[in-house]
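Please look at the sequence and the model first.

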Amino acid sequence: MEKNLLWVQTGGTFACKKTEKGLAPATDDKFTAEVIDTFTKGRAVSITPALLMDKDSTEMNIKDIRKISAFINKNIKKYDGVIITHGTDTMAYTAAMLCVMLENPPIPVILTGSQLPLQEEKTDARKNFEDSITAALCDKLKTVCVIFDGKIYHGLDCYKADSVSFSAFSAYDGILGEIKKDKVIIKDSKRIKVGEYRYNKDINEKVALIKLTPFFDEGVIDYYVSQGIKGLVIEGYGTGGIPAKLIKKLKAAEKNGVRSMVITQCKKGGTRLDIYEVGNNVKNSGIIDGKKLGAEGAIAEICLRVAPVGGSLYF
């Protein structure tokens with residue numbers, strides 16, 4: 001039986017062409033038709049394209065992510081899987097937000113892209129798109145994930161780690177699986193949550209990310225509060241420690257309706273707030289422990305927590 005996939009196009013390097021100013025997305029009907037013809041040959045699958053936007057992902061914003069999530073939600077019961085081609089620079093941020101907004105999707109929702117345009121001879125785009133079709137057809141992969149260089153990354157747990165290599169992405173807490181010889185190998189099925197599908201459209205994007213340095217001025221918190229920020233993600237040091245003066249500021253901000261979460265600047269290991277006094281001070285303050293979340297996933301999680309209906313996906 002033929003399966004039906006939805007291909008959501010947003011631009012990115014995958015669809016780029018050379019211009020006088022450098023590579024720029026240039027999706028058109030010819031390009032779309034050639035992709036579908038090439039990648040459906042010999043497979044019992046049909047692909048329906050939908051061009052939502054055609055931009056470098058550097059220009060991606062929360063309105064675009066809302067548009068993508070709304071379109072997928074509208075069509076999620078019509079297809080067996082979704083593939084989103086997206087620029088790599090902000091792909092992890094979009095993936096994390098889609099994890100939160102499209103909670104427990106009934107079908108695979110796959111984000112992919114490439115480091116070189118599809119039309120270039122030695123591109124990685126062909127492999128990534130081919131692998132994404134394989135993933136989108138897998139009934140056991142009902143979650144939002146990123147497919148890149150044969151790896152499957154959970155949407156809440158990946159980041160762009162290399163600006164030029166075909167192995168562009170990495171995971172804070174390990175890969176979800178791999179694709180080998182046109183087969184999906186899931187290594188951590190516990191991270192694929194099973195439950196009723198819910199579309200969390202009312203997230204609150206009034207959040208900010210703060211990376212601590214020894215030169216950080218805690219007065220910045222007052223400014224964020226004055227600007228209506230409702231959620232703060234703090235990239236603390238090591239196992240999650242943050243200075244006492246900052247804890248005091250965050251507690252004051254909480255009285256103004258601002259929720260705070262602490263994560264680590266380290267790419268591996270997550271927080272361990274029970275080891276050091278500075279960590280226990282955070283733990284006892286009521287500030288949310290981000291555990292193994294990276295910046296991308298933490299921002300998405302806090303957007304949901306400070307939404308009108310609230311909620312949590314990771315914890």
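Lys 17 has a relative accessibility of 30% and counts as partly exposed (buried is under 20% relative accessible area, exposed over 50%, partly exposed in between, with a 1.4 Å probe and protein chains only). The model is predicted: local features need pLDDT of at least 70, side-chain atom pairs count only at pLDDT 80 or more, and totals for chains, interfaces and linings use all residues. Residues are numbered from 1 along each chain as its sequence is written, and side-chain values use heavy atoms, leaving out hydrogens and water.

Lys 17 forms a salt bridge with Asp 28 (a side-chain nitrogen of Lys or Arg within 4 Å of a carboxyl oxygen of Asp or Glu). Lys 17 lies in strand 2 and Asp 28 in the loop between strand 3 and helix 1, eleven residues apart. Helices (H or I, at least four residues) and strands (E, at least two) are DSSP runs, numbered from the N terminus. The whole structure holds 18 salt bridges, including these:

| Pair | Closest N and O atoms |
|---|---|
| Asp 28 and Lys 17 | 3.5 Å |
| Glu 130 and Arg 43 | 2.5 Å |

Glu 130 is in helix 4 and Arg 43 in the loop between helix 1 and strand 4, so their pair ties together parts 87 residues apart in sequence. Lys 251 and Glu 254 both belong to helix 6, three residues apart.

In helix 6, Leu 246, Ile 247, Leu 250 and Ala 253 are buried. On the other side, Ala 244, Lys 245 and Lys 248 are exposed.
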